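Trainee: Could you show me how to read the packing inside a protein model, taking one feature at a time?

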Amino acid sequence: MSVLIIVLVVLLGYSIFRYYRQKMILNVLTQDQWVEGYRKAQLIDVREPQEYDAGHILGARNIPVTQLKQRLVEIRKDKPVYLYCQKSSRSGRAAQILNKKGYKELYQLKGGFKNWTGKIKAKK
């Protein structure tokens, strides 16, 4: 019984640590804040290609979080990086990867693509 409690406490502590660490490296923006700055930034959709093809924010490039480490050369460190996924969890993971590689200006769309009401583009 005590081993189970210790495991639960460790898992809870790790989750809290990751949550606050992500908050320190990632700026969460409302849609209005996002729209104000995303034209000057690198707009990256970290969802899988089939999700991207079904609909994405106009001007976004698709670099799935599963391919991010191999495709870092496509993202500049000297410009802000605006990340989004469907709900926000994958873009959080992408931000952690980028932060470890020295990227500093990292932004996430609050609520992800599912809450986006602006212009989108989809493959026919």
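Mentor: Let us begin with contact, which means heavy atoms within 4.5 Å. Leaving aside neighbours within four places in sequence, Ile75 is in contact with Gln42, Ile44, Ile63, Leu68, Val81, Leu98 and Tyr103. Please keep in mind that this is a predicted model, where local features need pLDDT of at least 70 and side-chain atom pairs count only at pLDDT 80 or more, while totals for chains, interfaces and linings use all residues. Residues are numbered from 1 along each chain as its sequence is written, and side-chain values use heavy atoms, with hydrogens and water left out.

Trainee: Which residues touch the most other members of the largest nonpolar core?

Mentor: A nonpolar core is a set of buried Ala, Val, Leu, Ile, Met, Phe, Trp, Tyr and Cys residues joined through side-chain atoms within 4.5 Å, and buried means under 20% relative accessible area (1.4 Å probe, protein chains only). Here the largest nonpolar core has 18 residues, of which Leu68, Ile75, Val81, Leu83 and Leu98 touch the most other members. A second, separate core of 14 residues includes Trp34, Leu43, Tyr82 and Trp116.

Trainee: Is Trp116 buried or exposed?

Mentor: Because its relative accessible area is 9%, Trp116 is buried. Leaving aside neighbours within four places in sequence, Trp116 is in contact with Gln31, Trp34, Val35, Ile57 and Leu109. The C-alpha atoms of Trp116 and Thr30 are separated by 9.7 Å, although these residues are 86 residues apart along the chain.

Trainee: Which residues does Ser88 touch?

Mentor: Not counting residues up to four places away in sequence, Ser88 touches Gln108, Leu109, Lys110, Gly111 and Gly112. Ser88 also counts as buried, because its relative accessibility is 16%.

Key:
Buried < 20%, exposed > 50% of the residue type's maximum accessible area, 1.4 Å probe, protein only.
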